[in-house]
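Thanks for asking me to look this one over. My notes are below, as numbered points to read beside the model.

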Amino acid sequence: SDPGLVERARAAKAALGDQVFVLGHHYQRDEVIEFADVTGDSFKLAKDAAARPEAPYIVFCGVHFMAESADILTSDEQTVILPDLAAGCSMADMAAIRQVEDAWDDLVEAGVADRTIPVTYMNSSAAIKAFTGRHGGTICTSSNARTALTWALDQAGTGGKVLFLPDQHLGRNTYVRDLGGSLDGCVVFDPHKPMGGLTRQQLEDATMILWRGHCSVHGRFSLAAVEQARREIPGVKVIVHPECQHEVVEAADEVGSTEKIIKTIAAAPPGTKWVVGTELNLVRRLAAQFPEQQIAFLEKNVCYCSTMNRIDLPHLVWALESLVAGRVVNPIHVDADVAHHARVALDQMLALPG
Ligand code: 13P
Ligand code: SF4
């Protein structure tokens with residue numbers, strides 16, 4: 001990266017000292033990760049943001065929903081900054097609050113809403129987190145989805161259901177792979193169709209009502225790529241993120257959040273061969289960090305998460321230098337009522353065991 005910009009980022013961070021705390025998601029570019037005070041998966045970053053009450057400014061190098069969650073979990077005196085407001089998440093955009101409220105009305109109409117608990121993936125807007133809080137549900141991330149789902153099914157009681165938003169793959173993978181549930185217990189609710197494209201009977205029979213959303217990056221990893229890696233690299237271990245399609249997750253050796261992927265690889269003996277199915281910035285960094293292992297990307301035609309990549313060094317420098325000059329750019333402020341209810345659902349997640 002541009003040495004002039006690196007120098008400017010260093011100088012701005014030094015000038016700001018404890019005034020600023022920089023969080024970096026594992027999918028961020030190397031040039032940005034270099035300036036992060038902490039790195040993590042979405043669960044760790046949410047906790048890390050809340051654990052810094054003394055920093056007036058939190059610069060969030062990640063995507064919009066993560067910055068919103070940090071704003072909700074930090075005090076009113078703190079300001080969360082997203083260096084590029086266009087850093088969204090295509091999955092989070094697949095569930096608009098209007099659609100989710102309409103879907104809930106459908107569940108009421110079908111007579112199943114009173115036995116349904118929403119479990120909402122962190123990758124969602126604050127408005128949908130608030131919906132979840134209003135309906136007695138919880139947020140989850142890829143690192144605690146199993147615990148969250150176990151809790152929710154317990155809350156829902158016999159014959160109860162979970163409305164899982166917005167990632168159908170994480171919902172299905174967690175239910176089937178982690179909890180031993182059956183694929184037959186899952187239905188997909190399509191927000192573009194009346195009643196989600198489902199019959200009353202299908203809703204009645206289902207345990208998991210999965211929102212029709214997915215990650216446009218992870219959704220592209222294929223079973224064929226796993227099979228090809230197994231043919232070409234004898235003894236290879238396949239590790240993937242749970243946002244991958246069910247057949248990919250079923251064929252993998254290990255499945256986990258970004259933090260778990262890093263820890264699993266870090267703990268493996270030298271000479272271990274991996275193919276990794278997650279975002280490319282992270283896979284490249286892992287390959288550089290652990291040269292004594294053989295680390296490859298699962299699928300050649302999958303690329304970076306384009307929205308994560310929007311946060312680059314020029315944007316970070318702009319956000320930091322603006323703070324030095326006394327200007328706050330790109331603050332993320334969640335509406336107080338939305339934040340209140342979203343916090344209920346986030347606190348429920350933070351209260352889950354483990
Ligand atoms: P993690 O919580 O595993 O970091 O995942 C976040 C994400 O956006 C994955 O696509
Ligand atoms: Fe969203 Fe997928 Fe990018 Fe993660 S990798 S931020 S889920 S689009």
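How many other C-beta atoms lie within 10 Å of M195, and is this residue buried, exposed or partly exposed?

1. **M195.** There are 18 other C-beta atoms within 10 Å of M195, so the residue is partly exposed (buried means 20 or more other C-beta atoms within 10 Å of its own, exposed 12 or fewer, partly exposed anything in between, with C-beta atoms placed from the backbone). M195 sits in the loop between β8 (186–189) and α9 (200–205); helices here are DSSP runs of H or I with at least four residues, strands are runs of E with at least two, and both are numbered from the N terminus. Its phi is near 55°, a positive value in a residue other than glycine.

2. **How to read the model.** This is a predicted model, in which local features need pLDDT of at least 70 and side-chain atom pairs count only at pLDDT 80 or more, while totals for chains, interfaces and linings use all residues. Residues are numbered from 1 along each chain as its sequence is written, and chains are lettered from A and ligands numbered from 1 in the order in which they are written.

3. **Other backbone points to check.** Most residues other than glycine have a negative phi, and most peptide bonds are trans. N330 has a positive phi, near 50°, and is placed in the loop between α14 (313–324) and α15 (336–351). With 19 other C-beta atoms within 10 Å, N330 is partly exposed. A cis peptide bond, with omega about -25°, joins L165 and P166; P166 belongs to the loop between β7 (161–165) and α8 (168–178).

4. **Domains.** The protein is divided into domain 1 (3–89 + 308–334), domain 2 (92–215) and domain 3 (218–297), with bounds from an automatic or database domain assignment.

5. **Ligand 2.** Why does ligand 2 lie between domain 1 and domain 3? Both domains give residues to its shell, so it lies between them. Of the 14 residues around ligand 2, C89, M91, C215, V217 and C305 come nearest (a residue is near if its C-beta atom, placed from the backbone, lies within 6 Å). By class, this shell has seven nonpolar, five polar and two charged residues.

6. **Ligand 1.** The residues surrounding ligand 1 include H26, D41, N123, C215, H241 and E243. Its shell divides into two nonpolar, eight polar and two charged residues.

7. **The four-stranded sheet.** An open sheet with parallel pairing has the order β11-β10-β12-β13 (strands pair if DSSP finds at least two bridges between them). β11 (254–255) and β13 (294–297) stand at the edges with a single partner strand each, so one side of each is left without a neighbour in the sheet. Four bridges join β10 (237–240) to β12 (273–277), and K237 stands opposite W274 in β12.

8. **H64.** H64 is in helix α4 (64–73) and counts as buried, with 21 C-beta neighbours inside 10 Å. Leaving aside residues up to four places away in sequence, H64 touches L82, A87, G88 and C89.

How values were computed
Ala, Val, Leu, Ile, Met, Phe, Trp, Tyr, Cys and Pro count as nonpolar, Asp, Glu, Lys and Arg as charged, and the others, Gly among them, as polar. Two residues are in contact if their C-beta atoms, placed from the backbone, lie within 7 Å.
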